[in-house]
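Here are some notes to read alongside the model, written as numbered points. Please keep the structure open while you go through them.

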Amino acid sequence: MKSYLKSICSNNNIRIMAVILVAIVALTTMSLVIYDVVNANKSVLITGKNFDKLSVDASEDINEIDIETLKKENPEIVGWLIAEGLGISEPIMQGEDNEKYLTVSFDGKSSKNGALFMDYECAEDFSDKHTIIYGHNLASGGMLSPLVGLKKIESFEKFKYDITIITPQRKIKLRIIASDAAPSETMRRTVNFANESDFQNYANGVLLNSRLQSMPSNKIEKLFSLITCSYEGADYRTYIYAVESK
């Protein structure tokens, strides 16, 4: 009887200790998540020599971002995307495929956050008729996560002129003209067109089928697509379409 009771007590003690340990881990994890969410929109890391210490706020003067200097640290950087109101400020990379920067950051280290990256088939100087930029949708709110909010009309209108892309040659101010959530489709990443008519048919097709639209009165010269994950259905993506704001 004594040994049986001792066994029960031991098991209870083990259970109690296990519960306490799980509670501590849960509280620690919750604290880290809260910290990430609170700080996600304040600043993002500039990967480089001082990767763990150096950061830039999305509201900082965009003139301080020097792509040519950053190319000395990683020649695969092609630009920088800033959206002050949305809290985005990230380098844009371009690898030899569309896989590398899903799990690699600017400094070349493995990272579950990856990096923003241009489609490997696009011209790195943003001169193509269709330029595509990808980035993760993170629970912490980093990378391109804020773009999912642009599927709501209020945010769509509020942040229509919020995005700027900095390149070695110039600053490209964008105007958002459509947003959509739809399954991942190969046609969404079309970057090569037979002629101008082919491009116009493509652009009008994806834009006019988007959930929210604010079409420009002039002919679309170039189209920019920003793509991140979405969860309305299986293998969905959020698509944000923009043109250069003259």
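**Notes on a pocket, a strand and some salt bridges**

1. The residues that line the second largest pocket divide into 6 nonpolar, 5 polar and 5 charged, where Ala, Val, Leu, Ile, Met, Phe, Trp, Tyr, Cys and Pro count as nonpolar, Asp, Glu, Lys and Arg as charged, and the others, Gly among them, as polar. A pocket here is an open set of points on a 1 Å grid over the protein atoms alone, where a 1.4 Å probe fits, with protein on both sides within 12 Å along at least five of seven lines, and lining residues have an atom within 4 Å of a point.

2. Please bear in mind that this is a predicted model, in which local features need pLDDT of at least 70 and side-chain atom pairs count only at pLDDT 80 or more, while totals for chains, interfaces and linings use all residues. Residues are numbered from 1 along each chain as its sequence is written, and side-chain values use heavy atoms, with hydrogens and water left out.

3. The second largest pocket has a volume of about 380 Å³, a volume being the space filled by probe spheres set on the grid points, which are joined across faces, edges and corners. Of the 16 residues in its lining, the closest to the centre are Phe117, Tyr134, Ser184, Ile227 and Arg237. Strand 10 (223-230) and strand 11 (236-244) each supply at least two residues of this lining, and strand 10 gives the most, with 3 residues. Strands (E, at least two residues) and helices (H or I, at least four) are DSSP runs numbered from the N terminus.

4. Which way do the residues of strand 7 point? Ile163 and Ile165 point one way from this strand (residues 163-166), Thr164 and Ile166 point the other way, and all are buried, that is, under 20% relative accessible area, whereas exposed means over 50% and partly exposed in between (1.4 Å probe, protein chains only).

5. Strand 7 runs antiparallel to strand 3 (residues 77-83), to which 4 bridges join it, and two strands count as a pair if DSSP finds at least two bridges between them. Within strand 7, isoleucine 165 stands opposite leucine 81. Strand 7 is also joined by 3 bridges to strand 8 (residues 171-183), again antiparallel, and here isoleucine 166 has lysine 171 as its bridge partner. A hairpin of 4 residues leads from strand 7 to strand 8.

6. The structure holds 13 salt bridges, each a side-chain nitrogen of Lys or Arg within 4 Å of a carboxyl oxygen of Asp or Glu. One of them links the side chains of aspartate 119 and arginine 189 (2.8 Å, N to O). Aspartate 119 lies in the loop between strand 5 (116-118) and strand 6 (130-134) and arginine 189 in the loop between strand 8 and helix 4 (196-208), so the pair ties together parts that are 70 residues apart in sequence. Aspartate 119 is buried, at 0% relative accessibility, whereas arginine 189 is partly exposed, at 26%.

7. Another salt bridge is that of lysine 151 and glutamate 232 (2.5 Å, N to O). Because lysine 151 lies in the loop between strand 6 and helix 3 (153-158) and glutamate 232 in the loop between strand 10 and strand 11, the pair ties together parts that are 81 residues apart in sequence. Lysine 151 counts as partly exposed, at 24% relative accessibility, and glutamate 232 is partly exposed too, at 40%.
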